[in-house]
Amino acid sequence: MARRKDKLKLGAFLLFTGHHVAAWRHPAAGEGTRLGDYVELARLAEAAKFDAIFFADGVAARLSNLEAASRKAHSGVYPFEPITLLSALSAVTTNIGLIATASTSYSDPYNLARQFASLDHLSGGRAGWNLVTSSDTDAAFNFGHDTHIQHGHRYDRAEEFADVVLGLWDSWEDDAFPRDRESGRYFDKDKLHVLNHKGQHFKVRGPLNTPRTPQGHPVVVQAGASGPGKELAARTAEAIFAAQITLNEATAFYADVKGRLGKYGRSQDDLKILPGIFPVVGRTEAEAQEKFEQLQDLIQPEVGLGLVSALAGGFDLSSYPLDGPVPDLPETNAGKSRQALVIDLARREDLTIRQLYLRIAGARGHWQVVGTPQQIADTMEERFQNYGADGFNIMAPIMPGGLKDFIELVVPELRRRGLFRQEYEGSTLRDNLGLKRPANRFSRHAAAAAE
């Protein structure tokens, strides 16, 4: 296989105390509750020339099992709403991308389009929207629903939601605001496009009351890996935050999603696939393993059981023996792809419930690597060169130390191999990801080019 000529992309997935479910109990973990904590992390990632920082989000506190929830930081309680936080971080960073998660299930497309457009303006073209459908059953009760929206309906809504947001972002052409003091004309009415959307889920007139943004529109990221999720990503996404454990799974997912792009008139370069990786780095294998075991020893059984129950579709497994097999479970209305990934892992490795929670307590279904900088760089290079990834979202075990370890030890090794940049290629997130700036779909120039 010919060596790839492009360089891999890196995102820093920031999760307050760290990604390991017991990270908050580790004496070296920060609390991640102050703006200053995130300023430090964002500047660390930017100094290392990461493409973006990435924030997950949810709209419910997961407290159905109060005893287990009271013992973990990963309970759906976030220190900050991510768009608000990234707006603050835009003022103390210059080049790094700013990606926030926002759900199509329990948001309004007009407000969301306006918020992310504002972030793109504030940051000078560094905003990204991670489009998700909420899999958390508790979220429904915060938005006037008696039950969780069905999986298929969530994706129907997401498809239309994405179309509305993308249409609103093209309300104005790039040069629609001459602000000509001499003639007295503030904007050119011929370069205004009113959406007038009327669909199954939304009725939105428009236009968006925010000018077109520096990137044309914020980068659209997507995280779903179910059939509908992959189809939505192939049609609308410009980056995918994926979760695959083995190389074969990663290359199959990569080929599947990239193979869907053609029917939407898109090229392979229009979409970047960025799996999560949970790296525990040591200067020796023994040091890396010791770091990992320190975290594993902090897992409380009720927390581990709650984690498996949540990722396996929200089913209560407390009545099953911890040292017995993972039972057969019905299909879920929660996150289908993550349920399948976790159950497949348990079956493939013949894991008990306890062994399964120990296996996923760090990466929660993402790829987990424990080793030296050379070993971690080897595995990343293998996945990149075999077209299982275009880059990676780094899920540090604890914050801030885990991110510092990766930057100080692994990034130089990636650079030595010619796999990662020395300097940013441009000033926007699109520039650095290698994504083209989208034309305004409504403009005369775009219409003429399409004819």
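Over the ring of which residue does the charged end of Arg383 sit? The views below, taken from a predicted model, begin with that contact.

**View 1. Arg383 and the ring of Trp367.** The ring is that of Trp367, and the charged end of Arg383 lies over it at 3.7 Å from the ring centre. Trp367 also forms a tilted aromatic pair with Phe392, with 5.9 Å centre to centre and 40° between the planes. This pair links distant parts of the chain, 25 residues apart: Trp367 belongs to strand 11 (residues 367-371) and Phe392 to strand 12 (residues 391-394). Trp367 counts as buried because its relative accessibility is 8%. Phe392 is likewise buried, with a relative accessible area of 0%.

**View 2. The aromatic pair of Phe13 and Phe241.** The two rings are edge-to-face, 5.3 Å centre to centre, with 80° between the planes. Phe13 is in strand 1 (residues 9-13), whereas Phe241 is in the loop between strand 8 (239-240) and helix 7 (247-259); the two are 228 residues apart. Phe13 is buried at 4% relative accessibility, and Phe241 is buried with a relative accessible area of 8%.

**View 3. An aromatic cluster.** Phe116, Trp129, Phe161, Trp169 and Phe202 form one cluster. The count of aromatic pairs in the model comes to 19.

**View 4. The second largest pocket.** This pocket holds about 470 Å³ of space. Its lining has 19 residues, and His217, Glu238, Pro438, Ala439 and Arg441 lie nearest the centre. Helix 5 (151-169) and helix 6 (227-236) are the elements that give two or more residues to the lining. By type, the lining residues are 11 charged, 5 nonpolar and 3 polar.

Technical notes. Residues are numbered from 1 along each chain as its sequence is written. This is a predicted model: local features need pLDDT of at least 70, side-chain atom pairs count only at pLDDT 80 or more; totals for chains, interfaces and linings use all residues. Side-chain values use heavy atoms; hydrogens and water are left out. On a 1 Å grid over the protein atoms alone, a cavity is a set of points where a 1.4 Å probe fits but cannot get out, and a pocket is an open set with protein on both sides within 12 Å along at least five of seven lines; lining residues have an atom within 4 Å of a point. Grid points are joined across faces, edges and corners, and a volume is the space filled by probe spheres set on the points. Helices (H or I, at least four residues) and strands (E, at least two) are DSSP runs, numbered from the N terminus. Ala, Val, Leu, Ile, Met, Phe, Trp, Tyr, Cys and Pro count as nonpolar, Asp, Glu, Lys and Arg as charged, and the others, Gly among them, as polar. Rings of Phe, Tyr and Trp (its six-membered ring) pair if their centres lie within 6.5 Å; planes under 30 degrees apart count as stacked, over 60 as edge-to-face and the rest as tilted. Buried means under 20% relative accessible area, exposed over 50%, partly exposed in between (1.4 Å probe, protein chains only). A charge sits over a ring if NZ of Lys or CZ of Arg is within 6 Å of the ring centre and within 35 degrees of the ring normal.
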